[in-house]
Structures are given as C-alpha cells and as structure tokens.
Amino acid sequence: MREVSITTEYIALGQFLKLAEVIDTGGMAKAFLAEVPIQINGELDNRRGRKLYPGDEVAIEGYGRYQVVRR
C-alpha cells in the first residue's frame with residue numbers, strides 16, 4: 001500500500017488522483033472516475049468531490065491501493 005501525504009484536513013477524490021499520480025491533470029478526473037472502479041474504505045465511490053481524510057484507504061482497479069496520511 002502506497003501512502004499519499006496531505007497537509008490539509010482532507011482532500012477531494014479528484015485532487016487525490018492527481019496527487020497520487022494516477023491522472024495527469026484535474027480535468028481528467030471526471031472521465032477517469034466514470035471508467036475506473038474505485039473503492040474507498042471498501043465501498044465503491046466515484047464522486048470527484050468525495051472528501052478523503054487521513055487514514056482512508058483507496059483501492060483503484062488496475063492501479064493499486066493507497067492510504068491517505070497527514071504530513
């Protein structure tokens with residue numbers, strides 16, 4: 001599991017994908033979320049604005065598993 005560090009209280013899923021280097025730009029998030037299944041803490045979710053907090057686990061099909069940590 002790879003860790004993705006944030007400096008804020010939370011991060012939106014669309015921003016997380018960019019920070020984790022899964023997508024290149026924030027504009028790609030909507031299309032990516034429509035095509036690739038993502039589980040957050042074991043539940044499917046494709047909302048670009050979904051808030052992720054430290055300790056949340058994100059599993060992206062074909063990309064791996066990530067954990068949000070606070071720096």
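1. Buried means under 20% relative accessible area, exposed over 50%, and partly exposed in between, with a 1.4 Å probe and protein chains only. By that scale Glu-21, at 72% relative accessibility, counts as exposed. Of the 71 residues of the chain, 38% count as buried.

2. On provenance: this is a predicted model, in which local features need pLDDT of at least 70 and side-chain atom pairs count only at pLDDT 80 or more, while totals for chains, interfaces and linings use all residues. Residues are numbered from 1 along each chain as its sequence is written, and side-chain values use heavy atoms, with hydrogens and water left out.

3. The chain holds two helices and seven strands, where helices (H or I, at least four residues) and strands (E, at least two) are DSSP runs numbered from the N terminus. Along the sequence the pattern is β-β-α-α-β-β-β-β-β.

4. Five of the strands make an open sheet with mixed pairing, in the order E1-E7-E6-E3-E4; two strands pair if DSSP finds at least two bridges between them. Strand E1 (2-6) and strand E4 (43-44) are at the edges with a single partner strand each, so one side of each has no neighbour in the sheet.

5. Within this sheet, strand E6 (residues 57-60) and strand E7 (residues 64-70) run antiparallel and are joined by four bridges. Ala-59 is placed opposite Arg-65 in E7.

6. Two residues other than glycine deserve a look for positive phi. Glu-21 has phi near 65° and sits in the loop between helix H1 (13-19) and helix H2 (29-35). Asn-41 has phi near 50° and belongs to the loop between strand E3 (38-40) and E4. With a relative accessible area of 42%, Asn-41 is partly exposed.

7. The radius of gyration, taken over C-alpha atoms, is compared with a globule rule of 2.2 Å times the number of residues to the power 0.38. For 71 residues a compact globule would come near 11 Å, and the chain, at 11 Å, agrees. Its C-alpha atoms fill a box of roughly 30 × 25 × 20 Å along the principal axes.

8. Among contacts (heavy atoms within 4.5 Å) with a separation of 6 or more, 50% involve residues 24 or more positions apart.

9. The chain exposes about 4500 Å², of which carbon and sulfur atoms supply 43%; accessible areas come from the Shrake-Rupley method with a 1.4 Å probe, and for residues only the protein chains shown count as cover.
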